[in-house]
Number of protein chains: 2
Amino acid sequence: MTKPLFNKIALIGIGLIGGSIALAARRGGLANKIVAATRSEETAATANRLKLVDHCGTDLAAACQDADLVIVCTPVGACGEAARVIAPSLKPGCIVSDVGSVKQAVVDAMQPHLPAGVHFVPAHPVAGTENSGPEAGFAELFDGRWTILTPLPDSDPAAVDKLDAFWKGLGSLTDRLDPAGHDRILAITSHLPHLIAYTIVGTADDLAGHLNSEVLRFAAGGFRDFTRIAASDPTMWRDVFLNNREAVLEVLARFQEDLFYLQRAIRWGEGDKLFDLFTRTREIRRALIHLNQA
Amino acid sequence: MTKPLFNKIALIGIGLIGGSIALAARRGGLANKIVAATRSEETAATANRLKLVDHCGTDLAAACQDADLVIVCTPVGACGEAARVIAPSLKPGCIVSDVGSVKQAVVDAMQPHLPAGVHFVPAHPVAGTENSGPEAGFAELFDGRWTILTPLPDSDPAAVDKLDAFWKGLGSLTDRLDPAGHDRILAITSHLPHLIAYTIVGTADDLAGHLNSEVLRFAAGGFRDFTRIAASDPTMWRDVFLNNREAVLEVLARFQEDLFYLQRAIRWGEGDKLFDLFTRTREIRRALIHLNQA
C-alpha cells in the first residue's frame, strides 16, 4: 500500500468544490485524515451527515492544527479573511492553497496574512456545476478537467510539485500559469460567458413578464443552456467579477464591439458577415472537440 | 392496425430536421410513403444511403406529386423559392407546412406562391442540435419538445388539427401562436442566445489568437456550452437573423442596455446589483426545471 500524500488535510469551506475535493481525496487515498470547517453551523451539520469528511466544525483555526495541506474553498471574496483567521494555527511546512476562479486578487488578499515557513501555492480547478453547497459535491467533478496552479516566484518547488501530484490524484489534469495570465485567460473563457448568461436570462425575464411560462416553455437549446449557466452560485460569481474587474471589463469591451458589428450587419442585411462569423465559430467548436474539452 | 395519418409525405430538404421528421414519422407509422427532395445530389445520395426515406431525389416538384403532406425543411431564406417551384405539382387538399425558426417572413415568402385549394399551415419544431445535414437526423429529436403551429386566419381548422396530430405523432408537444407572436418570443429564447454565443466565441478567438490551444484547453463550463451553440448551422442562422430582423434588433437593444448596467456595476464595485440579478436568474432556472424544459 502506498503512503498517502498527506497525513491531514483541512478544507476551509465545504461547498461544491470543498465537498468534491474531500470525496475525490478519499477515493484516491490521498490523506489519512480529512477535516473541514465552515462558518455556517447548518453547512457543517450537512457535511457531517453526508460524511464528506472525518469531521466538519465551525472553528476554522482549530481545523488547521497539524494539517499538512490546507485548502481554502470559500468564495474568492472570503479568502483573505479566512487566511487571517487560520494563520496562527498553521503548522510550519504546511502547504496552503485555494480554489478561487480569480488568482491575483486572492494572492493579494491571502499572502500578507500567511506566516513564514508556510508554503502558499494558489490553484484553480476549472470545474464546476450550477449546483452549490455540500450536497452538490461528488468525487468525479475533477476527472479529466484542468487544474491551474499559479505558483508565486518564491513558492517552494517541492510544495508546488506535491500540490500538483495531489490534484492529479483527484483526477485532474494540471498546468501552471502566473496569476495575472490566469486571470486574463479565465476572463475570456469563463467570466465573460457567465456574465453574458446572467444578463440574457435577466433580459428575457424582463421582456417576457416575470417568469412568463409561455416563454419558458418554448425555451430552445440556446436559452436552456444559458439558464443553466446563469444558475451558478451568486456569491461566488459576484466575487469573481468584483475581483477580476480589469480583465473582465477589457474583454467585455471587445465583446460589445463585436456584438455591435453583428447588430449593424443584421440591420443592413449583410448576410455574408453573419455567415463568415458563424462558419468560423463552428470550426472553433471542432477544435475544442479535438482537444477533448467539449 | 390504425390507418396512417397520411398516405404520402414529401419533405423538401433533408437535413437535421427533415431527416429527423422522416425517421420519427416512420417510427410512428404516420405515413404509407415518405419521399424527399433536395437540390444537392450529394445530400440526396446520403439520404438514400442512410435510407432516411423511401426515395430522395433532386426534383422538388416531382417529389410533391400526389403528396398529402408537404413539409419544406430548408433554411428560412429558401422557403419562398421552394414554394414557387413545388406549387404547380401540389395536389388540391394537400397540407403544406414548413419548419422555419421564423414564421412571419416565411408566411410572406411562401403564401403568394401557393395555389388555392392547398392548406398552408406553418409550423416550427423548437428542437435541434449543433449538427446539420442528413447524417444528423434521429428519430427522437422531437420527443418531449414543443412544436409551435402558427395557423393563418384563413387556415382550414381540419388541416391544422391534422398537422397537430402529425407532430404529436412525431413525439412533440404542440401549441399554437400567431406568426408575429411566435417571432417575438423566439427572438428572446432562441435567436438572441444564438447571436450572443456566436459573438462571444468569435471574440474569444480574436482575443486569444486564432484557436490558441491554451485558451481552448481551459475552456470551462461557460465557454464550452457557448461553443456548442455557436456550432449551429451557419446558413440556417444567417437566414434567421435576416428574416427576424425587427424582433432581434429590439431584444438586442434591451440586452445591451442590461449588459451596460452590469458593466457599470462591476466598474464601481456594486456587488449588490450583481448578487441580486444572479439570485433572480437562479430562480428562473428552477422554474424551467419545474416545467421539465431544462
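Biologist: By what turn and shift can chain B be laid on chain A?
Modeller: A turn of 180° and a shift of 0.0 Å along the axis, with an RMSD of 0.0 Å. That superposition is by least squares on the C-alpha atoms of residues with pLDDT of at least 70 in both. The relation is that of a two-fold axis.

Biologist: What kind of model is this?
Modeller: This is a predicted model: local features need pLDDT of at least 70, side-chain atom pairs need pLDDT 80 or more, and totals for chains, interfaces and linings use all residues. Residues are numbered from 1 along each chain as its sequence is written, and side-chain values use heavy atoms, without hydrogens and water.

Biologist: Which residue of chain B comes closest to the rotation axis?
Modeller: Asp225(B), at 3.4 Å by its C-alpha.

Biologist: Switching topic. What domains does chain A have?
Modeller: Domain 1 (6-177) and domain 2 (181-290). The bounds come from an automatic or database domain assignment. Their centres, taken over C-alpha atoms, are 30 Å apart.

Biologist: How many residues does the contact take from each?
Modeller: 16 residues from domain 1 of chain A and 15 residues from domain 2 of chain A. Contact means heavy atoms within 4.5 Å.

How values were computed: Chains lettered and ligands numbered in written order.
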